[in-house]
Amino acid sequence: MATRSAEPPGLDQLQIGDEFAGAQDGLQPVAAGEDVLDEQISLLIERTLLPESKVKQLCSKAREILANESNVVRVKAPVTVCGDIHGQFSDLMELFDMG
């Protein structure tokens, strides 16, 4: 029988990273080198809050990596994205009506 993992901690149980206060003081974020990103990922795994600038760096790097994947197809906007319709014909017809 599979065991369930512990529930994630509430916000009051999260640690605040040393860099967090500095980011609010207006200090400039460090360039996102691989070693910096690895450190930030480690902090997130430890459930330590990161300043918004660091999270933006992680998102930017993730976007860069994902954009270079071979299964990514560039399409022009606007695009309608839908999930699995589970064989529901009426849902398929509604998607066609939406265009």
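Me: Where is Asp38 found?
Reply: Asp38 is found in helix α2, which covers residues 34-45. Bear in mind that this is a predicted model.

Me: Is Asp38 buried, exposed or partly exposed, and why?
Reply: Asp38 counts as partly exposed because its relative accessibility is 48%. The cut-off for exposed is over 50%, and buried means under 20%.

Me: Which residues form the negative surface patch?
Reply: Glu34, Asp35, Asp38 and Glu39 form that patch.

Me: How far is Asp38 from Leu58, C-alpha to C-alpha?
Reply: Their C-alpha atoms are separated by 9.7 Å. Along the chain, Asp38 and Leu58 are 20 residues apart.

Me: Let's zoom out. How many helices and strands does the protein chain have?
Reply: The secondary structure comes to 4 helices and 2 strands.

Me: In what order do the elements run?
Reply: Starting at the N terminus, the order is β-α-α-β-α-α.

Me: And how much of the protein chain counts as buried?
Reply: The protein chain has 99 residues, and 13% of them count as buried.

Me: Salt bridges next. How many are there?
Reply: The count is 2 salt bridges. As background, side chains of opposite charge can pair when their charged atoms come close.

Me: Which residue does Glu52 pair with?
Reply: Glu52 forms a salt bridge with Lys56, and the closest N and O atoms are 3.2 Å apart.

Me: Where do Glu52 and Lys56 sit relative to each other in the helix?
Reply: Both are in helix α3, residues 52-67. They are separated by about one helical turn because they are 4 residues apart there.

Me: What does Glu64 meet in a salt bridge?
Reply: The side chain of Glu64 meets that of Lys61, at 3.4 Å from N to O. Both residues lie in helix α3, 3 residues apart, which is about one turn of the helix.

Me: What are the accessibility figures for Glu64 and Lys61?
Reply: Glu64 has a relative accessible area of 43%, so it is partly exposed. Lys61 is partly exposed too, with a relative accessible area of 25%.

Me: Switching to cysteines. How many disulfides does the structure hold?
Reply: The structure holds 0 disulfides. For reference, a disulfide is a covalent bond between the sulfur atoms of two cysteines.

Me: What about Cys59 and Cys82, buried or partly exposed?
Reply: Cys59 is partly exposed, with a relative accessible area of 49%. Cys82 also counts as partly exposed, at 46% relative accessibility.

Me: Which valines form the nonpolar patch on the surface?
Reply: Val73, Val75, Val79 and Val81 form the nonpolar patch. Together they have about 430 Å² of accessible area.

Me: Where does Val81 lie?
Reply: Val81 lies in the loop between α3 and α4, where α4 covers residues 89-98. Val81 counts as exposed because its relative accessibility is 72%.

Me: Backbone now. Is the peptide bond from Ala77 to Pro78 cis or trans?
Reply: That bond is cis, with omega near 0 degrees. Pro78 is found in the loop between α3 and α4.

Me: What is the phi of His86?
Reply: The phi of His86 is near 55 degrees, a positive value in a residue other than glycine. His86 has its place in the loop between α3 and α4.

Me: Is His86 buried or exposed, and why?
Reply: His86 counts as exposed because its relative accessibility is 64%.

Me: And what about the phi of Arg47?
Reply: Arg47 has a positive phi of about 65 degrees, although it is not a glycine. Arg47 lies in the loop between α2 and β2, with β2 at 48-49.

Me: What is the relative accessible area of Arg47?
Reply: For Arg47 the relative accessible area is 41%, so Arg47 is partly exposed.

Key. Residues numbered from 1 in each chain as written. Predicted model: local features only at pLDDT ≥ 70, side-chain atom pairs only at ≥ 80, totals over all residues. Heavy atoms only, no water. Patch = residues over 30% accessible without salt bridge, like charges linked within 9 Å, V, L, I, M, F, W, Y side chains within 5 Å. Areas by Shrake-Rupley, 256 points an atom, 1.4 Å probe, with all protein chains shown as cover. Salt bridge = Lys/Arg side-chain N within 4 Å of Asp/Glu carboxyl O. Lys, Arg positive; Asp, Glu negative; His and termini not counted. Charge placed at Lys NZ, Arg CZ, Asp CG, Glu CD. Buried < 20%, exposed > 50% of the residue type's maximum accessible area, 1.4 Å probe, protein only. Disulfide = S-S within 2.5 Å.
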